[in-house]
Every structure is written in structure tokens, then in C-alpha cells.
Amino acid sequence: MHLAAIIAELEGAAQQEAAGIHVLETTRFEPELGAVATSCLDASRRRAEALAQAAKRLRVLLQGDFAPADPGRSNQTVPA
């Protein structure tokens with residue numbers, strides 16, 4: 001799998017997480033579910049941030065800021 005494809009997957013997952021965050025933020029919950037919804041919202045925010053950071057760090061690799069361990073292997077291919 002190419003690094004660009006991995007980054008795209010991470011970015012897509014971050015966007016899905018952001019959509020879930022929007023739903024949690026805009027939905028009115030019964031008082032009994034309020035604490036659970038808050039907990040879910042916090043977890044979703046952490047996941048979205050982790051996904052965004054992973055994509056950001058891999059983008060640096062994609063830009064060529066590293067040397068491949070094996071000169072015969074493309075620096076943009078990660079074994080499946």
C-alpha cells in the first residue's frame with residue numbers, strides 16, 4: 001500500500017470522526033444519557049486528533065524527509 005493511500009485513509013477516518021462529533025454536539029440527549037454522550041464526545045475528539053496527527057506525520061514522510069532503509073525499495077511503499 002502506498003503512503004499516500006494510507007494518509008488518505010487516515011484523513012477519511014478523521015472526517016468520519018468529525019461528522020460523529022457534530023452529531024453528538026448537536027443532538028439533545030435525555031438527562032440519563034448526558035454523561036454517556038459527553039464521554040463519547042471526548043473519546044471522539046481524542047480519536048479525531050490522533051488520526052489527524054498520524055496523517056500529518058506521515059505527510060512529512062511522503063514529502064521525502066527520510067531515506068529508505070533499502071535503497072532498492074521505493075520510499076513510498078509500505079508492506080501490506
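Biologist: Which side chains meet in a salt bridge at 3.1 Å, N to O?

Modeller: Those of Arg47 and Glu17. This pair links distant parts of the chain, with Arg47 in helix 2 and Glu17 in helix 1, 30 residues apart. Please bear in mind that the model is predicted.

Biologist: Is Glu17 buried or exposed?

Modeller: Glu17 counts as buried because its relative accessibility is 15%, and the cut-off for buried is under 20%.

Biologist: What is Glu17 in contact with, leaving aside its neighbours within four places in sequence?

Modeller: Glu17 is in contact with Ser44, Arg47 and Ala48.

Biologist: Where is Ser44 found, and is Ser44 buried or exposed?

Modeller: Ser44 is found in helix 2. Ser44 is buried, with a relative accessible area of 6%. Leaving aside neighbours within four places in sequence, Ser44 is in contact with Glu17, Ile21 and Leu24.

Biologist: Let us step back. How many helices and strands does the chain have?

Modeller: The secondary structure comes to 2 helices and 0 strands. Helix 1 covers residues 3-26, and helix 2 covers 31-62.

Biologist: What span should helix 1 have, and how far apart are its end C-alpha atoms?

Modeller: At 1.5 Å a residue, the 24 residues of helix 1 should span 34 Å. The end C-alpha atoms of helix 1 are 35 Å apart, which agrees.

Biologist: And how far does helix 2 reach?

Modeller: Helix 2 has 32 residues and reaches 47 Å from its first C-alpha to its last. That is close to the 46 Å expected at 1.5 Å a residue.

Biologist: What follows helix 2?

Modeller: Gly64 follows helix 2, and the phi of Gly64 is positive, near 90°.

Biologist: Back to the packing. Which residues of helix 1 are buried?

Modeller: In helix 1, the buried residues are Leu3, Ile7, Leu10, Ala14, Glu17, Ile21 and Leu24. What covers them includes helix 2.

Biologist: Why would residues three or four places apart point the same way?

Modeller: An α-helix has 3.6 residues a turn, so residues at that spacing point the same way.

Biologist: Which residues are buried in helix 2, and what do they pack against?

Modeller: Ala37, Leu41, Ala43, Ser44, Ala48 and Ala55 are buried in helix 2. The buried residues of helix 2 pack against helix 1.

Biologist: How much of the whole chain counts as buried?

Modeller: Of the 80 residues of the chain, 16% count as buried. The accessible surface of the chain comes to about 5,800 Å², and 58% of that surface belongs to carbon and sulfur atoms.

Biologist: What share of the contacts between residues at least 6 apart in sequence join residues at least 24 apart?

Modeller: That share is 73%.

Biologist: Returning to charges, how many salt bridges are found in the whole structure?

Modeller: The search finds 3 salt bridges. One of them joins the side chains of Arg59 and Glu11, at 2.4 Å, N to O. That pair also links distant parts of the chain: Arg59 is in helix 2 and Glu11 in helix 1, 48 residues apart.

Biologist: What is the relative accessible area of Arg59, and of Glu11?

Modeller: For Arg59 the relative accessible area is 31%, which makes this residue partly exposed. Glu11 is partly exposed as well, with a relative accessible area of 31%.

Biologist: Which residue meets Glu25 in a salt bridge?

Modeller: Arg45 does, with the side chains 2.7 Å apart, N to O. Glu25 lies in helix 1 and Arg45 in helix 2, so the pair ties together parts that are 20 residues apart in sequence. Glu25 is partly exposed, with a relative accessible area of 45%, and Arg45 counts as partly exposed at 38% relative accessibility.

Biologist: One last item. Where does Thr38 lie, and how far is Thr38 from Glu25 in space, C-alpha to C-alpha?

Modeller: Thr38 lies in helix 2. Thr38 and Glu25 are 8.9 Å apart in space, C-alpha to C-alpha, and 13 residues apart in sequence. At 45% relative accessibility, Thr38 counts as partly exposed.

Definitions and conventions:
Residues are numbered from 1 along each chain as its sequence is written. This is a predicted model: local features need pLDDT of at least 70, side-chain atom pairs count only at pLDDT 80 or more; totals for chains, interfaces and linings use all residues. Side-chain values use heavy atoms; hydrogens and water are left out. Helices (H or I, at least four residues) and strands (E, at least two) are DSSP runs, numbered from the N terminus. Buried means under 20% relative accessible area, exposed over 50%, partly exposed in between (1.4 Å probe, protein chains only). Contact means heavy atoms within 4.5 Å. Accessible areas come from the Shrake-Rupley method with a 1.4 Å probe; for residues, only the protein chains shown count as cover. The expected span of a helix is 1.5 Å times one less than its number of residues. A salt bridge is a side-chain nitrogen of Lys or Arg within 4 Å of a carboxyl oxygen of Asp or Glu.
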